[in-house]
Amino acid sequence: MPEPLDTALTEVRTLLLDPTLTRAVAAGRRRGRRPTVARAELRPVTLKAGPRLQIATSDGVRPYTRNVAPGAESAAAVDELLAEPFGNWHVETADATLQLRVTKSGEAQVHRAATARPAAAPAGHDRAKEYLLDPGDEIFAEIGGSAAKRRQVDAFLRALAATLPDDLTGSLRVVDLGCGNAYLTFAAYRYLSRRGLDVELIGVDVREDQRRRNTELAQRMGWADKVSFVAGTIADAVVDPAPDLVLALHACDTATDEALARAVRWEARWVLAAPCCHHDLAKQLRAQPAPTPYDLLTRQGILRERFADVLTDALRAGLLRVHGYRSEVVEFVDSQHTPRNLLIRARRTGTEATGAQCAEYRELVDQWRVTPRLETLLATAEQPPVA
């Protein structure tokens with residue numbers, strides 16, 4: 001339930017000045033107002049002169065760090081930051097975690113929890129694994145909290161964390177294409193907002209009933225002003241303005257190509273795509289003999305299907321490179337949990353592909369006499385609809 005903002009900020013102040021403070025982040029902005037800095041991070045440090053509260057701020061271009069003494073100096077610095085119209089505060093002490101978000105109406109949505117402590121590892125064993133989202137987080141009560149789901153969420157968030165710059169600040173617009181029941185969508189929002197980013201996330205799915213379900217869940221979580229859903233196809237759903245980050249997790253067959261094509265046309269800065277089934281190139285390979293001397297690769301059905309998977313994702317990564325992205329294919333989650341465990345991770349560089357890179361892609365396509373769906377989508381002059 002919303003709370004008075006002044007009361008919530010008083011609680012934040014108490015935690016910021018608590019001797020057991022471990023970390024705090026302020027970011028985002030309130031409706032109609034803008035802070036003088038894009039982000040502020042506070043943490044205790046020990047210097048030769050003694051303990052200090054380190055305050056690192058950024059104007060979105062360059063960072064500025066200062067160390068203030070405990071007592072009146074720290075209190076004045078904290079009061080100065082609390083007077084800024086930040087939209088989000090995340091504060092952690094040794095015992096408590098508080099997440100504050102200022103609503104459009106100027107009230108406070110506050111989530112309080114005990115700070116998670118890693119379980120003690122048995123003697124002779126490694127310490128318990130630390131998750132990027134606490135397995136006891138309230139979000140799992142809504143999206144489901146099986147051990148398998150927690151592992152997949154953590155694997156996805158680690159891939160996301162490895163993709164985005166550590167010093168990323170400010171606003172971040174995210175689109176999840178083919179979001180389904182959106183449990184990874186909600187996990188992404190939870191994680192990114194807790195990093196202090198001002199996140200706006202849109203989930204796209206073809207089913208209207210999924211849109212209604214996911215919208216109701218966003219409302220229950222108190223995120224409806226930041227997380228929204230639209231019903232439509234990956235290729236045609238209206239998304240405006242263009243996103244910074246595009247997610248496409250387990251979109252079947254050429255739906256992954258449609259998601260990648262939209263990401264390229266949007267010139268999205270980052271892309272994470274976990275392909276699901278691969279049928280398009282497998283069908284093309286069945287229709288013609290393999291080039292010499294590769295007949296053994298495709299003669300057996302099961303080998304042909306697996307080779308088609310590899311060829312499809314290799315050509316996707318190659319096409320992304322041709323269109324100005326640095327791309328890599330990595331393992332998404334351990335294969336014991338799902339056989340569809342590859343993730344295409346791409347970052348836009350804007351660098352024009354070299355002649356050798358273009359030739360490398362074209363030679364592979366010509367040799368196998370296939371036409372990747374992504375190539376066809378990127379070749380068309382028709383642009384995706386915008387509002």
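**Helix length and helix packing**

Author: In this predicted model, α10 has 22 residues, which at 1.5 Å a residue should span 32 Å, and its end C-alpha atoms lie 31 Å apart, so the two values agree. After α10 comes G324, whose phi is positive, near 90°.

Reader: Why is α10 called roughly antiparallel to α11?

Author: Helix α10 (residues 301–322) packs with helix α11 (residues 355–368) at an angle of about 150°, their axes being 9 Å apart. Because angles over 145 degrees count as roughly antiparallel, α10 is roughly antiparallel to α11. The crossing in which α10 passes α11 is left-handed.

Reader: What makes the contact of α10 with α11, by class of residue?

Author: On α10 the contact is made by residues including F307, L311, L315 and R321, and on α11 by residues including Q357, E360, Y361 and W368. Divided by class, the residues of this contact are 10 nonpolar, two polar and two charged.

Reader: Which residues make the contact between α1 and α2?

Author: Helix α1 (residues 5–16) and helix α2 (residues 72–82) pack with their axes 10 Å apart, at an angle of about 145°, and α1 passes α2 in a right-handed crossing. From α1 the contact takes L9, V12, R13 and L16, and from α2 it takes A75, V78, D79 and L82.

Reader: How do you know which classes the residues in the contact of α1 with α2 belong to?

Author: Asp and Arg count as charged, whereas Ala, Val and Leu count as nonpolar, and the contact of α1 with α2 accordingly has six nonpolar, no polar and two charged residues.

Notes
Residues are numbered from 1 along each chain as its sequence is written. This is a predicted model: local features need pLDDT of at least 70, side-chain atom pairs count only at pLDDT 80 or more; totals for chains, interfaces and linings use all residues. Side-chain values use heavy atoms; hydrogens and water are left out. Axes are lines fitted to C-alpha atoms, for helices over the stretch in contact, and angles run from 0 to 180 degrees between N-to-C directions. Helices (H or I, at least four residues) and strands (E, at least two) are DSSP runs, numbered from the N terminus. A crossing is left-handed if the near helix is turned anticlockwise from the far one by less than a right angle, and right-handed if clockwise. Contact means heavy atoms within 4.5 Å. Angles under 35 degrees count as roughly parallel, over 145 as roughly antiparallel, 65 to 115 as roughly perpendicular and the rest as oblique. The expected span of a helix is 1.5 Å times one less than its number of residues.
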